[in-house]
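Here are a few notes to read with the structure open beside you. Take them one at a time and find each residue as you go.

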Amino acid sequence: MEQRISLVTLGVTDLARARDFYLALGWQGQEVQETVFFQAGGLALVLWDREKLARDCGLATDEPGETSAFGGIALAHNVRSPEEVDALLATAGRAGALITRPAAETFYGGYAGVFLDPDGHAWEIAHNPGFPLAEDGSLTVPDLGAS
């Protein structure tokens with residue numbers, strides 16, 4: 001396994017407010033499908049609705065605005081193939097992780113699953129052909145308006 005964090009996704013309660021905050025800090029981002037992507041060195045910072053992020057991580061949503069055992073942050077480790085997703089999820093399971101979303105095809109044409117580490121931190125393991133990795137494992141957010 002290559003040690004890397006490809007994306008940090010912050011679950012936000014008001015996407016426009018969060019986006020405007022980061023823009024006011026001088027960050028430059030791209031908004032697509034109710035999600036904002038910011039290049040942050042060799043990884044990406046992503047803003048997405050908190051409840052949608054919790055559900056995407058396979059975590060239950062209680063009342064509107066409430067999520068069980070979810071801190072509002074998901075880390076992503078992108079890999080180069082669907083087979084690597086399966087292998088890494090299996091390794092995490094053997095190490096004691098709770099698999100909250102088994103690997104499956106994604107809406108964006110990739111393949112991903114999610115596990116929680118022993119302290120409840122959500123990790124998405126993903127193969128996303130639209131976000132290719134450099135040889136060193138760094139991720140570059142593509143031009144999302146060029147689709």
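1. Let's start with Val-8 and its neighbours. In this predicted model, Val-8 has Leu-45 as its bridge partner in β4. In β5, the residue standing opposite Val-8 is Leu-75.

2. Now widen the view to the strands themselves. β1 and β4 (residues 43-49) run parallel and are joined by six bridges. With β5 (residues 73-78), β1 runs antiparallel, and four bridges join the two.

3. Is β1 largely enclosed or open to the outside? Strand β1 covers residues 7-12, and six of its six residues are buried, so the rest of the structure largely encloses it. You can check this face by face: Leu-7, Thr-9 and Gly-11 lie on one side, Val-8, Leu-10 and Val-12 on the other, and all are buried.

4. Next, have a look at the surface. Phe-21, Leu-25 and Trp-27 make up a nonpolar patch there, and together they have about 300 Å² of accessible area. Trp-27 sits in the loop that lies between α1 (15-24) and β2 (29-32). Why does Trp-27 count as partly exposed? Its relative accessibility is 31%, and the partly exposed class lies between under 20% for buried and over 50% for exposed.

5. Finally, please find Ala-95, in the loop between α3 (82-94) and β6 (98-105). Ala-95 has a relative accessible area of 65%, so this residue is exposed. Along the chain, Ala-95 and Pro-118 are 23 residues apart, while 9.3 Å separates their C-alpha atoms.

Notes:
Residues are numbered from 1 along each chain as its sequence is written. This is a predicted model: local features need pLDDT of at least 70, side-chain atom pairs count only at pLDDT 80 or more; totals for chains, interfaces and linings use all residues. Side-chain values use heavy atoms; hydrogens and water are left out. Patches are made of residues with over 30% relative accessible area and no salt bridge: like charges are joined within 9 Å, nonpolar side chains (Val, Leu, Ile, Met, Phe, Trp, Tyr) within 5 Å. Accessible areas come from the Shrake-Rupley method with a 1.4 Å probe; for residues, only the protein chains shown count as cover. A salt bridge is a side-chain nitrogen of Lys or Arg within 4 Å of a carboxyl oxygen of Asp or Glu. Buried means under 20% relative accessible area, exposed over 50%, partly exposed in between (1.4 Å probe, protein chains only). Two strands pair if DSSP finds at least two bridges between them.
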